[in-house]
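Please consult the sequence and the structure shown below alongside the text.

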Amino acid sequence: MPAETHTHAEAVEVDAVLELLAGVVGVDPDSAADRSLTELDVADDLALLDLWEVVVEELGERSLGELEPLEPRPDTLGELAEAFHAELSR
């Protein structure tokens, strides 16, 4: 069987991204959107890249590459979910 080189993921909702991020950082999904990235200790570039890799693995497709710097930089987990959702939707 040939190796799968490119797959297309189904459209992903922002809520699904937020729920995944909440699970990864260990917070209640119902209150996750307003949680500060600094408070959760995931505000640095390396932590954001690690979270991006998890999101791509679970919700994205294999062809998605490195995460470009997010502008404006998200302050909350909800903003990060929205930014990641925008990247997934490209």
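Is R90 buried or exposed? In this predicted model, R90 is exposed, with a relative accessible area of 74%. R90 pairs with E87 in a salt bridge, and the count of salt bridges comes to three.

**Salt bridges**

- Side chains of opposite charge can pair when their charged atoms come close.
- Between E87 and R90, the closest N and O atoms are 3.5 Å apart; E87 is buried, at a relative accessible area of 14%.
- E39 and R35 form a salt bridge through their side chains, with an N to O distance of 2.7 Å. R35 is partly exposed, its relative accessible area being 25%.
- A salt bridge also joins D45 to R73, where the closest N and O atoms lie 2.9 Å apart. D45 belongs to helix α2 (residues 45-59) and R73 to the loop between α2 and α3 (77-88), so this pair ties together parts that are 28 residues apart in sequence.
- R73 counts as partly exposed, with 39% relative accessibility.

**Helix α1**

- Helix α1 (residues 14-25) has 12 residues, which should span 16 Å at 1.5 Å a residue. The C-alpha atoms at the ends of α1 are 17 Å apart, in agreement with that expectation.
- The residues V17, L18, L20, L21 and A22 of α1 are buried.
- The cover over the buried residues of α1 includes α2 and α3.

Conventions:
Residues are numbered from 1 along each chain as its sequence is written. This is a predicted model: local features need pLDDT of at least 70, side-chain atom pairs count only at pLDDT 80 or more; totals for chains, interfaces and linings use all residues. Side-chain values use heavy atoms; hydrogens and water are left out. A salt bridge is a side-chain nitrogen of Lys or Arg within 4 Å of a carboxyl oxygen of Asp or Glu. Buried means under 20% relative accessible area, exposed over 50%, partly exposed in between (1.4 Å probe, protein chains only). Helices (H or I, at least four residues) and strands (E, at least two) are DSSP runs, numbered from the N terminus. The expected span of a helix is 1.5 Å times one less than its number of residues. Contact means heavy atoms within 4.5 Å.
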